Amino acid sequence: MINNFESAGRSVVKATARSARFDPTSIALHWLTVLLIVGQFTTIWLHEAVGHGTGLGLELLAAHQTMGALTWTVGLARLFWRRRFAYLPPFPESMPKLQQWIAKANEYGLYALLLVQPITGFGDVVFHGHPFTLFIWHVPALLTPDAAIRSLFQEAHQLGAKALLALIGVHAGAALFHGLVLRDGILQRMLPLSITARVGTGRRMLVGKREVLERS
């Protein structure tokens, strides 16, 4: 009987912990997006460093374009999953409404840029009027060169990249602040389960050591 009650208690605790987290698919798509964004910024910075006309530079540019297409696809998949199937845990009751509104605005801004950036990048490539590589395909020139329109797409793409970095900085900074300072569970909502378990174990060990020191 006692074992049954203990098992039931553990099940309730696990269910409560899971209810405070996003669903596994949303978490996986989130971190896949993070990897793709890191890859895009890395490849374009390396491309600028090694030069536009070099063989390595062209390969880096092709990788950047491919990851841009993947990011756009993953972004659409995230929106579809969020709309139809995702579990969205509520904000903590202690979190002010203004902070909740800012968090939502930041998230919507990130979604918008994830979808717009690949489009402006594609416009830059298409109006360059040259063949390009996407995934494993060598795509011929689709349009005749148009410097004026291409310049507009380039400027939009560069401004979008700066805005994306700014929103990512706010998003990551806020998550770390909630996780390391406020410790209200916001950071753990999107962490992989294994990392969340380690964080929880480490926190319990620190609390235990603190209690032992206070007693001594």
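Of the 216 residues in this protein, 30% count as buried, where buried means under 20% relative accessible area with a 1.4 Å probe and only protein chains considered. This is a predicted model, in which local features need pLDDT of at least 70, side-chain atom pairs count only at pLDDT 80 or more, and totals for chains, interfaces and linings use all residues. Residues are numbered from 1 along each chain as its sequence is written, and side-chain values use heavy atoms, with hydrogens and water left out.

The protein has 6 helices and 2 strands, arranged along the sequence as α-α-α-α-β-β-α-α. Helices (H or I, at least four residues) and strands (E, at least two) are DSSP runs, numbered from the N terminus.

| Helix | Residues |
|---|---|
| α2 | residues 24-50 |
| α4 | residues 97-126 |
| α5 | residues 147-182 |

Helices α4 and α5 pack at an angle of about 150°, with axes 8 Å apart; axes are lines fitted to C-alpha atoms, for helices over the stretch in contact, and angles run from 0 to 180 degrees between N-to-C directions. That makes α4 roughly antiparallel to α5, a term for angles over 145 degrees.

Now find W45, which sits in helix α2. W45 counts as exposed because its relative accessibility is 53%, and exposed means over 50%. The C-alpha atoms of W45 and L61 are 9.9 Å apart, with the two residues 16 apart along the chain.

Definitions and conventions:
Angles under 35 degrees count as roughly parallel, over 145 as roughly antiparallel, 65 to 115 as roughly perpendicular and the rest as oblique.
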